[in-house]
Amino acid sequence: MLDALSPLGADARFEREGVTLTEAPHFILTQVAGDEKMMKKAFGKLPAKVGAALANDNRNIFRIGPKQFWFVGDTIEASEGVYVTPLSSGRTRIALVGVRAREVLASCATIDFGTSQFKPGHFVMTGIHHTPVTIHCVGDNRFHIYALRTFALNVWEWLCDAAEG
Amino acid sequence: MRIPCPYCGDRDHSEFRYGGDATKLRPKHGTGDLDTWHDYYFTFENPKGPHTEYWQHVLGCRQWFKLTRNTATNAKVEP
Amino acid sequence: MTAFRRTPSGGRIDRSIPIAFHYNGKSATGFEGDSIASALLANNHTIIGRSFKYHRPRGFLSAGLEEPNGLFTLGEGAETIPNTIGTTTMLKPGMKVKSQNAWPSPTFDVMAINSLASPLFTAGFYYKTFMGPTKGAWMFFEPFIRRAAGLGKATPDKGHERYDTRNAFCDVLVIGSGPAGLAAALNAGRAGARVILAEQDCELGGNLLSTQLESEENWRRTVNDELLSLRNVRILTNSTVQGLYDHNQAVISVGLNILEVVQAKTIIHAAGAFERPLVFQNNDKPGVMLASALRTYLNRFALAPKRRAVIVTNNDSAYTVAFDLAKADVAVTIAEIRAQPSGEMLSSAAQLGIAVFPNSGIADVLGDKHLQAVKLSGRHAVIIECDVLGMSGGWNPAVHLTSHGGIKPVYDERIASFIPGLFAEGQFGAGAMLGNFGILEAVRDGNSAAEQAIAKLGLKPTTRKGEEPSVSEERPYAIEPKWVLNATDKKAFIDFQNDVTLSDVKQAHQEGYLSVEHLKRYTTMGMGTDQGKTSNMNALAIMAGLRGMAIQDTGTTTFRPPFAPLSIGAIAGRSVGKHFRPTRRSPLHAWHENNGATFIEAGFWQRAWYYNWAGSTPESAYIKEMQVVRSNVGIADVSTLGKIDVQGPDAAEFLNRVYVNGFAKLPIGKARYGVMLNDDGIVLDDGTTSRISEAKYYMTTTTAQAGEVMSWLEYLLQCHWTDLDVHVASLTDEWGGMAVSGPNSREALALAFPDEDMSNEALPYMGVKDITFGGSTVRLLRLSFSGELAYEVHCPANYTISLWEHIMRAAASLDIKPYGLEALASLRIEKGHVAGLELDHRNTLDDLGLGKMASTQKDYIGRALRQRENLQAPDRWSLVGLELMEPDKKIRGGAILFAANDEIKGHGRGYITSVTWSVELNKFIALGLYKGGLKHEGEVIIAAFPIRNEQVRLKILSPHFIDKEGARLNA
């Protein structure tokens, strides 16, 4: 068997007063594209807008464009008119938790992370240190940051540096 | 400068890439002679004032869209 | 010289907390609440620097941000901070303060000789000396001027200070916390808006911090406390709004170390106003200050002029200063420029024992270094001994930020100054910056600006109106502008920081530099760190007078960010050192790191350059690594290639359009090399695309163009070919890959995948198949960049290290070795494959010898414009192979190519793009672009490298140095 290795690994843990960063590996991420009717047939209800994830038992569905979605959770198979691209290796998921988490995010991205604006369930696709990231609010002051794998260490170090402040 | 992404909303300009003049009609694939393509690719009005351009939300949803803005003030203009 | 004394009580200093600090190496003491300026004045340091050009002694002019003279260097060594404004920086224990632009000390300055040589330094000195026919003078003057001038020196050492940049969002940004800003923030905050209140000072209050009136202070404190209690109001002190940009974006420097970018829905400008100096002989002498500064030093910092103050004014505001001084037992005389000041003022002055000389002015300021007496002008040409002279030429609203978006301010006769023109969408003004100088007026303005902002935001206005301070209504501000008090001399200063005098402005006028923008550049007026906050208005009014024009028609110079000096560290934020730019790592990075790789930066990527098994320098290692590939089997990381998932029923048609060669009929299980052009007919990129299944393709791009190609495909599909049912997704991060290359590569993979048929029949050249191995999908592609029998093995990036290790282990008996980027790039030169150095967005297919690839059967992007006359010219620079004819010499990348008989001069006939040692030919070979290309095959030409004065002879050959027939690929 081949071993699966994430770019940051279990040792990746950074703690400061009010903020903790860890890698949250072992997730299944699939990009799904195609005709919306066919996708609805395959998956049922889909989120109408970019920005709020639709969560059910085993998956979070993010609309990432007019015809594109991210499914995080279970394995997704292609079907007629539904095109899937597995991306579980292509993204590295970083968990950012703590009362200072929003402050850390504010020093990294040009997004309004105020509690009244960015609530649990919300997500944004934006940039951290010039690289694309998807930031998902998974609870009060709890966030998942999906970074490109090849930039993961770079984004990690940038976040740790921000959390140092 | 804020740029309105039709999918993600207003975002900082640093998340976007510029894609040029969107007022010109690209010749259909398989058509157009040298002159037609020359005019399409090389000649521009470059107006000061309202102008429609392509932008891509490259650090975001990666969608291309048309934006009409005043090139002198960056104010959004209804197309 | 003692000009000031501490008052026994009052002020905002805490006399129970002394603060020890150092000034120019000597110990001194101030109090908690002191600024550097007030502490220095309290310690009798009235001369704190020398002027920029003439090295004249200078003291503090102001008590605020506009200060032109009082700049200091703080700290030492790596923690040095130059150009700190002493009037706005609060004193801290142990602070090390040094004066600038003075050597050896401000009071004894060897460069003061410049003062005698001053005709040399008049307006246009720089222009005339360095731009004109006497340009050579620069060589002589440069070190002299550089050493003498300069406003502080930045340290080259790396300090420990942390700098950062952050983002914030709000409904209402209030700029300034004087009475107008406080009222605005309070009302917006009570209405529930998200408010940011930015104040440059360390405390809220603005002008109210300089008051003696208890009612004003009580109001300030009440509002301050309520603002602190409102959770939706963020208060930023020590925070200067430095610039306003499109769509109400503000950049604020928070302290020295943080830059905050605020996106505001609305902005309320309450930035106040700056007092302006008057222009008269020796008005720069230490002891001559803005009148309002005397009030601030007295009421806020408990510093009174020792015995006597003279005030010269053309407006009412300076009377408040005079009254406050008189109440502190200072003898005050007012030189009143106006013939008929208001009776109310005169009677109040009389009650306090203040002598007022109407229709008067200042003829001269007397004293050696520091002011000792002033000589009045007009009918009462008396000499008055005094400690300080306070001057007030009126007030200039701080219109700077309102103009950053390009809106010009307009002249307002009522206050003889400029006020904001229009406000940008969602922006409002209040208080002194509108020319409304009274406290009550400012509070009412602030309330109303907040109401407008709230309405704009669609919020419900607060039911609790902001209370007003209980002060009596002020009489309207009155002023009679007089821009020059005596028009004769060279020592009447307009710009204190840049030493621009009245006669400089006259000279600019005489020499035809009439517009204010020219005046500024010719005299350097307003070009210092203070950006002319105290000087611009006087200069342009004087120029208007000289030209006989209205001030409105003369206009102002352009206001640009930053509003005040800020640290470069805050602008850079955390993007320094290893975070200067992002770095990108292959999924195999950790393996390379643990196995002796040396890395090299290639774009954002950190790539394995060579491995220590092969040598300790790149020059020695890459040759050994190449030899392994040519003679045995090597393994290299190719994960950096761009990889794109192309799916959908129209994928074949799509690919057939974007590549110049045919892709419509690519069979499943096959890869094809393809080249893409831009619309303009120039080569965009090359790579292979494989057909994985009926409607699914796997595209690879060059490392360098991966992002560009992805955006381009998205552009075509989303903007133009919306009828094509095709979906693209980047796999660059999802998939890793390795090249397994060399005559023994098949055997190596057969060992690694014993269950797979690796025969030439089962997986021929350009064959592709997906297998499942060890729980993962593995994609085997029989591709070769090196020209040898070779494969690429790709798999999802989570498994690449494990797969690479598996292949290394399985093929250990063959002595498989890793090879790095240098060998990878050199092997392809021997084979004559073009790469990034040749694909430089200037070359056509034909230039690269790829013209035959273009289909004549179909249309493809770039086909029409490829036919442009210039692109079809017969003698374009095109790809050639080159070999070195002089074995003892070297070929250098970038060398310029000349024909044998050419004069070695200019741009030549082409250049070298890539060079390598050929392990197969045992000589240096290169690829290059040469005018006429292979038409010159066999000719001996010259490669010149002028910066090393080298020339070598090369022979032009086919770029395919090895295996022209491709026997190895198909083996």
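Helices (H or I, at least four residues) and strands (E, at least two) are DSSP runs, numbered from the N terminus. This is a predicted model, in which local features need pLDDT of at least 70 and side-chain atom pairs count only at pLDDT 80 or more, while totals for chains, interfaces and linings use all residues. Residues are numbered from 1 along each chain as its sequence is written, and chains are lettered from A and ligands numbered from 1 in the order in which they are written.

**View 1. The fold of chain A.** Chain A holds 3 helices and 11 strands, and from the N terminus on these elements follow the order β-β-β-α-β-β-β-β-β-α-β-β-β-α. With a radius of gyration (taken over C-alpha atoms) of 16 Å, close to the 15 Å that the globule rule (2.2 Å times the number of residues to the power 0.38) gives for 165 residues, chain A is as compact as a globular protein of that length. Of its 165 residues, 48% count as buried, that is, 20 or more other C-beta atoms, placed from the backbone, lie within 10 Å of the residue's own.

**View 2. Where chain A meets chain C.** This contact takes 35 residues from chain A and 34 residues from chain C, two residues being in contact if their C-beta atoms, placed from the backbone, lie within 7 Å. On the side of chain A that touches chain C, strand 3 (29–34), strand 7 (82–86) and helix 3 (152–164) of chain A each supply at least two residues, and the largest share, 4 residues, comes from helix 3 of chain A.

**View 3. Where chain B meets chain C.** Here 20 residues of chain B and 18 residues of chain C take part in the contact. Strand 3 (17–21), helix 1 (34–42) and strand 4 (50–56) of chain B are the elements that give two or more residues to the side of chain B that touches chain C, and helix 1 of chain B gives the most, with 4 residues.

**View 4. Strand 50 of chain C and its partners.** Strand 50 (residues 950–957) of chain C pairs in the antiparallel sense with strand 45 (residues 877–884) of chain C over 4 bridges, where strands pair if DSSP finds at least two bridges between them. Strand 49 (residues 940–945) of chain C also pairs with strand 50 of chain C in the antiparallel sense, over 6 bridges. C:Leu954 in strand 50 of chain C stands opposite C:Leu884 and also opposite C:Ile941. Strands 49 and 50 of chain C form a hairpin with 4 residues between them, and C:Asn949 in the turn has a positive phi of about 55°.

Note on methods. Buried ≥ 20, exposed ≤ 12 C-beta atoms within 10 Å, placed from the backbone.
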